[in-house]
Amino acid sequence: KAAFIAEGVLEPPFRVATTSMARASGFPRLELSGAEVVFAWTEVQSASSDVPASIPASRLRTAVMKLK
């Protein structure tokens, strides 16, 4: 979170999500869209014999932060 509060003071940062060192995780992306910042990243899930093949091993995740 990179938002300014009164008198131009920057608010403290916080973690949106953690990423994996696995190549499949790609790189987190962010885009400014009007008065919002859109974050997108791939969440890699570990392969398990208990998980059916119809369930993908990774999925796209998003978060949106409104700018003040």
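These are my notebook entries on a predicted model of one protein chain.

**Ground rules**

I number residues from 1 along each chain as its sequence is written, and my side-chain values use heavy atoms, with hydrogens and water left out.

**Confidence**

I looked up pLDDT, the predictor's confidence in each residue, from 0 to 100. The protein chain averages 75, and 60% of the residues score at least 70. I found the lowest confidence in strand β1 (residues 4-5), with a mean of 59. Strand β3 has the highest, at 90.

**Elements**

I counted helices (H or I, at least four residues) and strands (E, at least two) as DSSP runs, numbered from the N terminus.

Three strands then form an open sheet, ordered β3-β4-β5, with antiparallel pairing. I noted β3 (29-33) and β5 (58-66) as the edge strands, each pairing on one side only. From one strand to the next, the twist averages 20°; the axes are lines fitted to C-alpha atoms, for helices over the stretch in contact, and angles run from 0 to 180 degrees between N-to-C directions.

Next I checked how β4 (residues 36-44) is joined to β5: nine bridges link these antiparallel strands. One pair I wrote down is E36, whose bridge partner in β5 is K66.

**A stop at L30**

I found L30 in strand β3. Is L30 buried or exposed? L30 counts as exposed because its relative accessibility is 58%; my classes are buried under 20% relative accessible area, exposed over 50% and partly exposed in between (1.4 Å probe, protein chains only).

I then listed contacts, meaning heavy atoms within 4.5 Å. Setting aside neighbours within four places in sequence, L30 touches V37, V38 and F39. I also noted W41, which is 11 residues from L30 in sequence and 8.8 Å away in space, C-alpha to C-alpha.

**Whole chain**

Of the 68 residues, 10% count as buried. Among contacts with a separation of 6 or more, 34% come from residues 24 or more positions apart. I put the accessible surface at about 5800 Å², by the Shrake-Rupley method with a 1.4 Å probe; for residues, only the protein chains shown count as cover. Carbon and sulfur atoms hold 58% of that surface.

Technical notes
This is a predicted model: local features need pLDDT of at least 70, side-chain atom pairs count only at pLDDT 80 or more; totals for chains, interfaces and linings use all residues. Two strands pair if DSSP finds at least two bridges between them.
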